[in-house]
Amino acid sequence: MSMREKENFLILSYEEMKRDTRSTVEKICQFLGKKLEPEELDSVLKNSSFQAMKENKMSNFSLLRGSHLTENASLLRKGISGDWKNYFTVAQAEAFDKAFQEKLGDLPPELFPWK
């Protein structure tokens with residue numbers, strides 16, 4: 001996080017990408033100094049959707065099964081934000097909130113859109 005003010009450092013959140021994927025891709029392009037034609041942008045949006053990546057063997061890690069991952073391992077789960085709430089106990093969520101405040105509480109809240 002100490003790098004966040006540098007001009008060659010871009011911070012994005014999953015929530016931001018989910019909320020407005022097109023604007024996020026445009027932001028990445030601007031950061032990289034790359035102009036995409038409308039059809040190129042459409043292709044990026046189509047091929048970078050969660051569903052497309054989950055089905056693509058080059059991005060879903062299925063090619064690693066057996067050598068680096070257990071047979072039923074899945075690194076891409078549901079593609080939704082906030083799903084952690086279905087897995088954390090109240091005590092775990094409280095412990096996370098406490099650690100977050102201690103370590104990152106002084107950072108600008110806009111860096112953490114899930115709050």
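The side chains of Asp42 and Arg22 meet in a salt bridge, with 3.2 Å from N to O, where a salt bridge is a side-chain nitrogen of Lys or Arg within 4 Å of a carboxyl oxygen of Asp or Glu. Because Asp42 lies in helix 3 (residues 38-47) and Arg22 in helix 2, this pair ties together parts that are 20 residues apart in sequence. Helices here are DSSP runs (H or I, at least four residues), numbered from the N terminus. Asp42 counts as partly exposed at 40% relative accessibility, and Arg22 is partly exposed as well, with a relative accessible area of 37%; buried means under 20% relative accessible area, exposed over 50%, and partly exposed in between (1.4 Å probe, protein chains only).

This is a predicted model, in which local features need pLDDT of at least 70 and side-chain atom pairs count only at pLDDT 80 or more, while totals for chains, interfaces and linings use all residues. Residues are numbered from 1 along each chain as its sequence is written, and side-chain values use heavy atoms, with hydrogens and water left out.

By the rule above, the count comes to 3 salt bridges. Lys27 and Glu16 form one of them, at 2.9 Å from N to O, and since Lys27 lies in helix 2 and Glu16 in helix 1, the pair ties together parts that are 11 residues apart in sequence. Glu102 also forms a salt bridge with Lys98, the closest N and O atoms being 3.7 Å apart; both of these residues lie in helix 5, 4 residues apart, which is about one turn of the helix.

## The chain as a whole

The chain holds 5 helices and 0 strands, and of its 115 residues, 17% count as buried.

## The largest pocket

The largest pocket has a volume of about 300 Å³, which is the space filled by probe spheres set on grid points joined across faces, edges and corners. On a 1 Å grid over the protein atoms alone, a pocket is an open set of points where a 1.4 Å probe fits, with protein on both sides within 12 Å along at least five of seven lines, and lining residues have an atom within 4 Å of a point. Of the 13 lining residues, the closest to the centre of the largest pocket are Met17, Thr21, Ser48, Ser49 and Phe50.

Helix 1 (14-19), helix 2 (21-32) and helix 4 each supply at least two residues of this lining, and the largest share, 4 residues, comes from helix 2.
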